[in-house]
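Here is a short tour of one model, with a look at helix packing and charged pairs. Please keep the sequence and the 3D view at hand as you read.

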Amino acid sequence: MINISTIIKKSLKSAIFGLCPRNVEISRFIGIIKEKTMSKHLELAQSYRNDINIHYNCAQSVLMAFKDVTGLSDEASFKVAADFGGGLKHGNTCGAITGGLMVLGFLGYEDHETVAKLFDLVANEHDGCTDCADLIRINSEKGLPKKPHCDKLVYDVVEFIDKLIEAKA
C-alpha cells in the first residue's frame, strides 16, 4: 500500500535539501523558511499592533486579524472588541484571551478543553496569571516594557488559533 503522506514528506525534504545552501544546517534552514512564511493572521495582528496612527487594543488586534474567519469588517471588529482591551477596561481577563475567545466562537469551538488550552497558553508562561493587571504587574516587576509584552501575548494567541485552523483543515 502506498503511503501518500510519506511520499509527500520525502519529496518536501528532498526539495528543501536541494534549496538549502551547503553551509547551512537543514534544521536551521527549515526554521528560516518557517519565519519567512508566517501566517496572514499573524502579519495582520502585527500590522495592527505596530500602527502608530490608531491604537488597537489586544482584543481588537486578535479579532481583526481573523476578519477572513469572522466575516466582520475592520470597523465592526474594532467596535465589538473596543471594551475588551485592558482586561475589560478593569484589569480583568487579558484582551488577547478575550479576543481569542471571540474568534474561537466564530470557528465553532465552544468546548471547555479548547478554551482551557487558550487560558493555559497565557497562564503557563506568566505564573498562572491571565488577568491583564497581573500580567502587566509581573512584566513590570521584571523591568520589562509593556508594549512588547502585550504584543507577544497577541501573537501567541493568534498562532494558537492558526494551529487550530491548520489542524481542522
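Helices here are DSSP runs (H or I, at least four residues), as strands are (E, at least two), and they are numbered from the N terminus. The model is a predicted one, in which local features need pLDDT of at least 70 and side-chain atom pairs count only at pLDDT 80 or more, while totals for chains, interfaces and linings use all residues. Residues are numbered from 1 along each chain as its sequence is written, and side-chain values use heavy atoms, with hydrogens and water left out.

**Charged pairs**

A salt bridge is counted when a side-chain nitrogen of Lys or Arg lies within 4 Å of a carboxyl oxygen of Asp or Glu. By that criterion the structure holds 10 salt bridges.

For accessibility, buried means under 20% relative accessible area, exposed means over 50%, and partly exposed is in between (1.4 Å probe, protein chains only).

Let's start with D156 and K152, which both sit in helix 11, four residues apart, or about one turn of the helix. An α-helix has 3.6 residues a turn, so residues three or four places apart point the same way. D156 is buried, at 18% relative accessible area, whereas K152 is partly exposed, at 48%. Salt bridges with shared partners also join R49, K147 and D151 into one network.

K40 is exposed, with 52% relative accessibility, and D68 is partly exposed, with 45%. In the remaining pair of the table, D83 is partly exposed at 48% and K89 is exposed at 53%.

**The buried side of helix 3**

Which residues of helix 3 (residues 40–49) are buried? They are H41, L42, A45, Y48 and R49. These residues cover an arc of only 125° around the axis, so they lie on the same side of helix 3; the arc is taken from the directions from the helix axis to the C-beta atoms. Contact means heavy atoms within 4.5 Å, and the elements covering these buried residues include helix 4 (58–65), helix 5 (67–70), helix 6 (74–80) and helix 11 (146–168).

**A buried loop residue**

H126 belongs to the loop between helix 9 (112–123) and helix 10 (132–141). H126 is buried, with a relative accessible area of 14%. Leaving aside residues up to four places away in sequence, H126 touches L135, I138, H149 and L153.
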